[in-house]
Amino acid sequence: MQIKEVIAALEELAPLNYAEDFDNVGLLTGSPEWEATGALVTLDTLEEVVDEAIEKNCNLIVSFHPIIFSGLKSLTGRNYVERAVLKAIKNDIAIYAIHTALDNHFRGVNDRICEELNLVNRKILVPQQKTIKKLLTFVPKADADKVREALFSAGAGSIGNYDNCSFSLNGSGSFKGNEESNPVIGERGKIHFEEETQIGITFPKHLEKAVLKALFESHPYEEVAYEVTSLENVNQHIGIGMIGELEQEMDETDFLSLVKEKFGPGCIRHSALLQKKIKKVAVLGGSGSFAIDKAKSAGADIYLTADLKYHDFYKAEGKLVLADIGHYESEQYTKNLLGSYLNKKFANFAVVLTHTDTNPIKYF
(Lines give C-alpha, C1' and ligand atoms only; values in the text may rest on other atoms or scores of the structure.)
Protein backbone atom coordinates (compact mmCIF):
# COMPACT_ATOMS: atom_id res chain seq x y z
CA MET A 1 0.00 0.00 0.00
CA GLN A 2 1.25 3.45 -0.89
CA ILE A 3 1.26 6.47 1.40
CA LYS A 4 -1.19 8.23 -0.90
CA GLU A 5 -3.82 5.62 -0.01
CA VAL A 6 -3.51 6.50 3.67
CA ILE A 7 -3.68 10.19 2.76
CA ALA A 8 -6.84 9.59 0.71
CA ALA A 9 -8.47 7.93 3.72
CA LEU A 10 -7.47 10.80 6.01
CA GLU A 11 -8.85 13.36 3.56
CA GLU A 12 -12.06 11.36 3.29
CA LEU A 13 -12.39 11.86 7.05
CA ALA A 14 -11.30 15.50 7.09
CA PRO A 15 -11.06 17.18 3.65
CA LEU A 16 -8.28 19.77 3.55
CA ASN A 17 -10.70 22.24 1.91
CA TYR A 18 -12.04 22.98 5.38
CA ALA A 19 -8.69 23.76 7.01
CA GLU A 20 -8.26 27.39 8.03
CA ASP A 21 -6.41 29.66 5.59
CA PHE A 22 -3.56 30.32 8.06
CA ASP A 23 -2.85 26.61 8.48
CA ASN A 24 -0.28 24.34 6.83
CA VAL A 25 -1.93 20.96 6.39
CA GLY A 26 -1.27 17.98 4.15
CA LEU A 27 1.93 16.12 3.26
CA LEU A 28 4.88 18.12 4.63
CA THR A 29 7.75 15.72 3.88
CA GLY A 30 8.15 12.59 1.80
CA SER A 31 6.45 11.26 -1.29
CA PRO A 32 2.86 10.01 -1.64
CA GLU A 33 4.22 7.31 -3.96
CA TRP A 34 6.31 5.59 -1.26
CA GLU A 35 5.22 2.18 -0.03
CA ALA A 36 3.89 2.63 3.50
CA THR A 37 5.51 0.45 6.14
CA GLY A 38 3.41 1.77 9.03
CA ALA A 39 1.90 4.93 10.48
CA LEU A 40 2.79 6.56 13.79
CA VAL A 41 0.02 8.85 15.07
CA THR A 42 1.00 11.83 17.20
CA LEU A 43 -0.18 15.23 18.36
CA ASP A 44 3.18 16.87 17.57
CA THR A 45 6.11 15.83 15.38
CA LEU A 46 9.26 16.36 17.43
CA GLU A 47 12.70 14.85 16.86
CA GLU A 48 11.93 12.23 19.51
CA VAL A 49 8.77 11.26 17.62
CA VAL A 50 10.76 10.79 14.41
CA ASP A 51 13.15 8.55 16.38
CA GLU A 52 10.17 6.52 17.58
CA ALA A 53 8.89 6.18 13.99
CA ILE A 54 12.29 4.88 12.88
CA GLU A 55 12.41 2.43 15.79
CA LYS A 56 8.91 1.11 15.02
CA ASN A 57 9.49 0.91 11.24
CA CYS A 58 6.85 3.52 10.44
CA ASN A 59 7.74 5.67 7.44
CA LEU A 60 4.62 7.81 7.85
CA ILE A 61 3.90 10.13 10.76
CA VAL A 62 0.29 11.29 10.99
CA SER A 63 0.52 14.44 13.08
CA PHE A 64 -2.26 16.66 14.34
CA HIS A 65 -0.10 19.81 14.51
CA PRO A 66 2.09 20.72 11.51
CA ILE A 67 5.77 20.82 12.42
CA ILE A 68 6.29 23.23 9.50
CA PHE A 69 3.92 26.09 10.19
CA SER A 70 5.59 29.22 8.85
CA GLY A 71 8.09 29.20 5.99
CA LEU A 72 11.51 27.60 6.43
CA LYS A 73 14.30 29.67 4.88
CA SER A 74 17.03 27.22 5.80
CA LEU A 75 17.52 23.68 7.12
CA THR A 76 20.58 23.75 9.37
CA GLY A 77 19.25 22.03 12.48
CA ARG A 78 19.45 25.20 14.57
CA ASN A 79 16.04 24.69 16.24
CA TYR A 80 13.61 21.89 17.12
CA VAL A 81 11.59 22.38 13.91
CA GLU A 82 14.57 22.09 11.58
CA ARG A 83 16.02 19.14 13.51
CA ALA A 84 12.78 17.18 13.26
CA VAL A 85 12.36 17.94 9.55
CA LEU A 86 15.99 17.10 8.75
CA LYS A 87 15.80 13.78 10.56
CA ALA A 88 12.55 12.89 8.79
CA ILE A 89 14.01 13.70 5.36
CA LYS A 90 17.27 11.86 6.09
CA ASN A 91 15.38 8.72 7.11
CA ASP A 92 12.69 8.83 4.39
CA ILE A 93 9.90 9.55 6.85
CA ALA A 94 6.77 11.20 5.44
CA ILE A 95 4.96 13.67 7.71
CA TYR A 96 1.28 14.41 7.18
CA ALA A 97 -0.51 17.11 9.24
CA ILE A 98 -4.31 17.28 9.55
CA HIS A 99 -4.79 20.08 12.15
CA THR A 100 -7.70 22.48 11.47
CA ALA A 101 -9.19 20.21 8.79
CA LEU A 102 -10.01 17.86 11.69
CA ASP A 103 -10.87 20.79 13.99
CA ASN A 104 -13.64 21.75 11.57
CA HIS A 105 -15.06 18.24 11.16
CA PHE A 106 -18.28 17.43 13.00
CA ARG A 107 -16.78 14.14 14.26
CA GLY A 108 -13.37 15.66 14.88
CA VAL A 109 -11.39 17.10 17.77
CA ASN A 110 -14.23 18.81 19.61
CA ASP A 111 -16.68 15.98 19.22
CA ARG A 112 -14.03 13.79 20.88
CA ILE A 113 -13.94 16.19 23.86
CA CYS A 114 -17.74 16.01 24.06
CA GLU A 115 -17.52 12.21 23.96
CA GLU A 116 -15.28 12.19 27.03
CA LEU A 117 -17.79 14.36 28.88
CA ASN A 118 -20.84 12.42 27.64
CA LEU A 119 -22.45 15.55 26.20
CA VAL A 120 -25.66 15.17 24.23
CA ASN A 121 -27.45 17.40 21.67
CA ARG A 122 -24.12 18.44 20.15
CA LYS A 123 -23.88 21.29 17.66
CA ILE A 124 -21.05 23.18 15.97
CA LEU A 125 -20.12 26.30 17.96
CA VAL A 126 -18.63 28.36 15.10
CA PRO A 127 -19.95 27.14 11.72
CA GLN A 128 -17.53 27.72 8.83
CA GLN A 129 -18.71 30.15 6.16
CA LYS A 130 -19.26 29.38 2.48
CA THR A 131 -18.91 25.61 2.69
CA ILE A 132 -22.01 24.91 0.56
CA LYS A 133 -22.16 25.37 -3.21
CA LYS A 134 -25.07 25.24 -5.62
CA LEU A 135 -25.09 23.87 -9.16
CA LEU A 136 -27.67 24.92 -11.75
CA THR A 137 -27.62 23.06 -15.04
CA PHE A 138 -29.93 22.67 -18.05
CA VAL A 139 -30.53 19.18 -19.47
CA PRO A 140 -32.75 17.76 -22.25
CA LYS A 141 -35.87 16.55 -20.48
CA ALA A 142 -35.28 12.96 -21.57
CA ASP A 143 -31.83 12.91 -19.94
CA ALA A 144 -32.71 14.67 -16.67
CA ASP A 145 -33.02 11.51 -14.58
CA LYS A 146 -29.67 10.16 -15.77
CA VAL A 147 -27.83 13.42 -15.00
CA ARG A 148 -29.58 13.82 -11.65
CA GLU A 149 -28.61 10.29 -10.56
CA ALA A 150 -24.99 10.88 -11.62
CA LEU A 151 -24.87 14.03 -9.48
CA PHE A 152 -26.36 12.16 -6.51
CA SER A 153 -23.75 9.40 -6.92
CA ALA A 154 -20.98 12.03 -6.82
CA GLY A 155 -22.23 13.24 -3.42
CA ALA A 156 -24.40 16.19 -4.44
CA GLY A 157 -27.85 16.69 -2.99
CA SER A 158 -27.15 15.94 0.69
CA ILE A 159 -28.72 18.36 3.19
CA GLY A 160 -28.31 17.47 6.85
CA ASN A 161 -29.96 14.08 7.44
CA TYR A 162 -31.37 13.90 3.89
CA ASP A 163 -29.84 12.93 0.56
CA ASN A 164 -30.95 12.85 -3.10
CA CYS A 165 -32.21 16.43 -2.68
CA SER A 166 -32.72 18.55 -5.81
CA PHE A 167 -35.21 20.88 -7.48
CA SER A 168 -36.25 20.78 -11.12
CA LEU A 169 -38.09 23.12 -13.48
CA ASN A 170 -39.19 22.34 -17.02
CA GLY A 171 -38.92 24.91 -19.79
CA SER A 172 -37.64 25.59 -23.29
CA GLY A 173 -33.97 26.16 -24.08
CA SER A 174 -32.56 27.57 -27.31
CA PHE A 175 -29.17 27.41 -29.01
CA LYS A 176 -27.52 27.74 -32.42
CA GLY A 177 -24.17 26.12 -33.13
CA ASN A 178 -21.53 27.80 -35.30
CA GLU A 179 -19.55 26.14 -38.09
CA GLU A 180 -17.16 24.54 -35.60
CA SER A 181 -19.93 23.00 -33.49
CA ASN A 182 -21.07 19.39 -33.47
CA PRO A 183 -24.54 19.49 -31.86
CA VAL A 184 -26.00 16.28 -30.44
CA ILE A 185 -29.49 17.70 -30.98
CA GLY A 186 -30.43 20.11 -33.80
CA GLU A 187 -28.39 21.24 -36.80
CA ARG A 188 -25.29 23.39 -37.12
CA GLY A 189 -26.11 26.97 -38.05
CA LYS A 190 -29.82 26.71 -37.21
CA ILE A 191 -31.50 27.92 -34.04
CA HIS A 192 -32.97 25.01 -32.09
CA PHE A 193 -35.52 24.94 -29.27
CA GLU A 194 -35.40 21.99 -26.89
CA GLU A 195 -37.62 20.97 -23.99
CA GLU A 196 -35.17 21.08 -21.08
CA THR A 197 -35.14 20.52 -17.33
CA GLN A 198 -33.31 22.93 -15.06
CA ILE A 199 -31.74 20.99 -12.17
CA GLY A 200 -30.72 22.81 -9.01
CA ILE A 201 -28.61 20.89 -6.50
CA THR A 202 -26.31 21.74 -3.58
CA PHE A 203 -23.05 20.07 -2.56
CA PRO A 204 -20.19 20.57 -0.06
CA LYS A 205 -17.34 22.54 -1.60
CA HIS A 206 -14.76 19.77 -1.35
CA LEU A 207 -16.81 17.70 -3.82
CA GLU A 208 -16.87 20.31 -6.60
CA LYS A 209 -14.37 18.53 -8.83
CA ALA A 210 -16.21 15.19 -8.52
CA VAL A 211 -19.63 16.78 -9.05
CA LEU A 212 -18.57 18.62 -12.20
CA LYS A 213 -16.90 15.48 -13.54
CA ALA A 214 -20.17 13.59 -13.05
CA LEU A 215 -22.08 16.40 -14.77
CA PHE A 216 -19.83 16.47 -17.84
CA GLU A 217 -19.73 12.67 -18.18
CA SER A 218 -23.51 12.21 -17.92
CA HIS A 219 -24.69 15.28 -19.86
CA PRO A 220 -25.44 14.67 -23.55
CA TYR A 221 -24.61 18.15 -24.88
CA GLU A 222 -21.32 19.07 -26.54
CA GLU A 223 -21.25 22.29 -24.48
CA VAL A 224 -22.77 21.99 -21.00
CA ALA A 225 -24.54 25.06 -19.66
CA TYR A 226 -24.12 25.31 -15.88
CA GLU A 227 -23.58 27.74 -13.00
CA VAL A 228 -21.79 27.16 -9.67
CA THR A 229 -22.29 29.62 -6.82
CA SER A 230 -21.18 29.71 -3.16
CA LEU A 231 -24.03 30.01 -0.66
CA GLU A 232 -24.20 31.93 2.60
CA ASN A 233 -26.29 29.17 4.21
CA VAL A 234 -24.98 27.98 7.58
CA ASN A 235 -23.63 24.42 7.48
CA GLN A 236 -24.08 22.94 10.96
CA HIS A 237 -21.81 19.99 10.14
CA ILE A 238 -18.62 21.93 9.39
CA GLY A 239 -16.98 24.36 11.77
CA ILE A 240 -14.85 24.72 14.87
CA GLY A 241 -15.82 24.17 18.49
CA MET A 242 -18.90 22.41 19.76
CA ILE A 243 -21.66 22.94 22.27
CA GLY A 244 -23.65 20.22 24.01
CA GLU A 245 -25.47 19.40 27.20
CA LEU A 246 -24.92 17.21 30.23
CA GLU A 247 -27.67 14.67 30.68
CA GLN A 248 -27.84 15.76 34.33
CA GLU A 249 -26.79 19.22 35.47
CA MET A 250 -23.83 19.42 37.87
CA ASP A 251 -22.37 21.77 40.44
CA GLU A 252 -19.55 23.90 39.01
CA THR A 253 -16.86 22.40 41.25
CA ASP A 254 -18.06 18.84 40.56
CA PHE A 255 -17.95 19.48 36.83
CA LEU A 256 -14.44 20.98 36.99
CA SER A 257 -13.35 17.93 38.99
CA LEU A 258 -14.77 15.70 36.24
CA VAL A 259 -12.86 17.69 33.60
CA LYS A 260 -9.64 17.37 35.60
CA GLU A 261 -10.18 13.63 35.93
CA LYS A 262 -10.88 13.15 32.20
CA PHE A 263 -8.21 15.43 30.74
CA GLY A 264 -5.55 15.42 33.45
CA PRO A 265 -4.35 19.03 33.41
CA GLY A 266 -1.91 20.03 36.14
CA CYS A 267 -4.41 22.74 37.01
CA ILE A 268 -7.50 24.41 35.55
CA ARG A 269 -7.37 28.19 35.28
CA HIS A 270 -10.88 29.59 35.33
CA SER A 271 -12.90 32.76 35.73
CA ALA A 272 -15.08 33.41 38.77
CA LEU A 273 -17.58 30.67 39.57
CA LEU A 274 -21.20 31.81 39.32
CA GLN A 275 -22.70 29.54 41.97
CA LYS A 276 -25.12 27.97 39.53
CA LYS A 277 -25.52 24.56 37.93
CA ILE A 278 -23.66 23.51 34.78
CA LYS A 279 -25.88 22.11 32.03
CA LYS A 280 -24.79 23.59 28.68
CA VAL A 281 -21.10 23.14 27.86
CA ALA A 282 -19.08 24.74 25.01
CA VAL A 283 -15.71 23.27 24.05
CA LEU A 284 -12.93 24.20 21.64
CA GLY A 285 -9.70 22.23 21.66
CA GLY A 286 -6.53 24.30 21.48
CA SER A 287 -6.45 28.10 21.40
CA GLY A 288 -10.04 29.26 21.67
CA SER A 289 -10.18 32.80 23.02
CA PHE A 290 -11.64 34.01 19.69
CA ALA A 291 -14.86 32.07 20.34
CA ILE A 292 -15.69 33.35 23.82
CA ASP A 293 -18.48 35.57 22.49
CA LYS A 294 -19.88 32.64 20.49
CA ALA A 295 -19.99 30.51 23.64
CA LYS A 296 -21.81 33.31 25.48
CA SER A 297 -24.35 33.90 22.72
CA ALA A 298 -25.00 30.14 22.52
CA GLY A 299 -26.01 30.19 26.19
CA ALA A 300 -23.16 28.05 27.50
CA ASP A 301 -22.78 27.78 31.28
CA ILE A 302 -19.07 26.99 30.88
CA TYR A 303 -16.55 27.17 28.03
CA LEU A 304 -13.63 24.74 27.99
CA THR A 305 -10.65 25.72 25.85
CA ALA A 306 -6.95 26.63 26.17
CA ASP A 307 -4.35 29.38 25.91
CA LEU A 308 -6.51 32.06 27.55
CA LYS A 309 -4.66 35.26 28.45
CA TYR A 310 -5.17 37.43 31.52
CA HIS A 311 -7.60 39.83 29.90
CA ASP A 312 -9.55 37.03 28.21
CA PHE A 313 -10.98 36.01 31.58
CA TYR A 314 -12.67 39.41 31.94
CA LYS A 315 -14.79 38.52 28.91
CA ALA A 316 -16.76 36.05 31.01
CA GLU A 317 -18.63 39.11 32.37
CA GLY A 318 -20.56 36.99 34.84
CA LYS A 319 -22.41 35.18 32.04
CA LEU A 320 -20.46 31.92 31.98
CA VAL A 321 -17.35 30.28 33.42
CA LEU A 322 -14.24 30.30 31.26
CA ALA A 323 -11.93 27.35 31.90
CA ASP A 324 -8.45 26.89 30.45
CA ILE A 325 -7.72 23.16 30.59
CA GLY A 326 -4.43 23.23 28.63
CA HIS A 327 -3.65 23.06 24.92
CA TYR A 328 -2.19 19.55 24.88
CA GLU A 329 -4.76 18.27 27.35
CA SER A 330 -7.71 19.50 25.29
CA GLU A 331 -6.42 17.85 22.09
CA GLN A 332 -4.80 14.71 23.48
CA TYR A 333 -7.58 12.33 22.38
CA THR A 334 -7.02 13.29 18.74
CA LYS A 335 -4.44 10.49 18.57
CA ASN A 336 -7.05 7.94 19.63
CA LEU A 337 -9.56 9.29 17.12
CA LEU A 338 -7.13 9.07 14.19
CA GLY A 339 -5.65 5.75 15.29
CA SER A 340 -9.06 4.13 15.61
CA TYR A 341 -10.16 5.49 12.24
CA LEU A 342 -7.07 4.25 10.39
CA ASN A 343 -7.22 0.83 12.06
CA LYS A 344 -10.79 0.40 10.81
CA LYS A 345 -9.81 1.52 7.31
CA PHE A 346 -6.68 -0.63 7.05
CA ALA A 347 -7.02 -3.80 9.11
CA ASN A 348 -3.69 -5.26 7.97
CA PHE A 349 -1.63 -2.08 8.22
CA ALA A 350 0.43 -1.12 11.27
CA VAL A 351 -1.04 1.96 12.96
CA VAL A 352 0.72 2.91 16.20
CA LEU A 353 -0.03 5.64 18.74
CA THR A 354 3.12 7.44 19.89
CA HIS A 355 4.34 6.88 23.44
CA THR A 356 6.33 10.13 23.35
CA ASP A 357 4.98 12.85 25.63
CA THR A 358 5.03 15.95 23.43
CA ASN A 359 3.42 18.31 25.94
CA PRO A 360 5.93 21.19 26.40
CA ILE A 361 4.13 22.49 29.52
CA LYS A 362 4.94 21.01 32.91
CA TYR A 363 3.32 21.77 36.26
CA PHE A 364 5.19 22.29 39.54
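Which residues have the most contacts inside the largest nonpolar core? They are Leu10, Leu60, Val62, Ile98, Leu102, Leu338 and Leu342, in a core of 29 residues. A nonpolar core here is a set of buried Ala, Val, Leu, Ile, Met, Phe, Trp, Tyr and Cys residues joined through side-chain atoms within 4.5 Å. Buried means under 20% relative accessible area, exposed means over 50%, and partly exposed lies in between (1.4 Å probe, protein chains only).

This is a predicted model: local features need pLDDT of at least 70, side-chain atom pairs count only at pLDDT 80 or more, and totals for chains, interfaces and linings use all residues. Residues are numbered from 1 along each chain as its sequence is written, and side-chain values use heavy atoms, with hydrogens and water left out.

Helices (H or I, at least four residues) and strands (E, at least two) are DSSP runs, numbered from the N terminus. H1 supplies the largest share, six residues. Now look at Val62. Not counting residues up to four places away in sequence, Val62 touches Leu10, Ala39, Leu40, Val41, Thr42, Tyr96, Leu338 and Leu342. Such a contact means heavy atoms within 4.5 Å. A second, separate core has 23 residues, among them Leu117, Phe255, Ile278 and Ile302.

Next, find helix H7 (residues 208–218). Val211, Leu212, Ala214, Leu215 and Ser218 are buried there. They lie on the same side of H7 because they cover an arc of only 155° around the axis. The arc is that of the directions from the helix axis to the C-beta atoms. On the other side of H7, Lys209 and Glu217 are exposed. The buried residues of H7 pack against strand S6 (132–140), helix H6 (144–153), strand S8 (192–204) and strand S9 (226–230).

Strand S8 holds Thr197. Thr197 counts as buried because its relative accessibility is 4%. Its side chain makes a polar contact of 2.8 Å with the side chain of Asn170. A polar contact is a pair of N or O atoms within 3.5 Å; within protein, one must be able to donate a hydrogen and the other to accept it, and residues adjacent in sequence count only if both atoms are side-chain atoms.

Finally, the rings. The structure holds six aromatic pairs. Rings of Phe, Tyr and Trp (its six-membered ring) pair if their centres lie within 6.5 Å; planes under 30 degrees apart count as stacked, over 60 as edge-to-face and the rest as tilted. Phe216 and Tyr226 are edge-to-face because their planes stand at 70°, with ring centres 5.4 Å apart.
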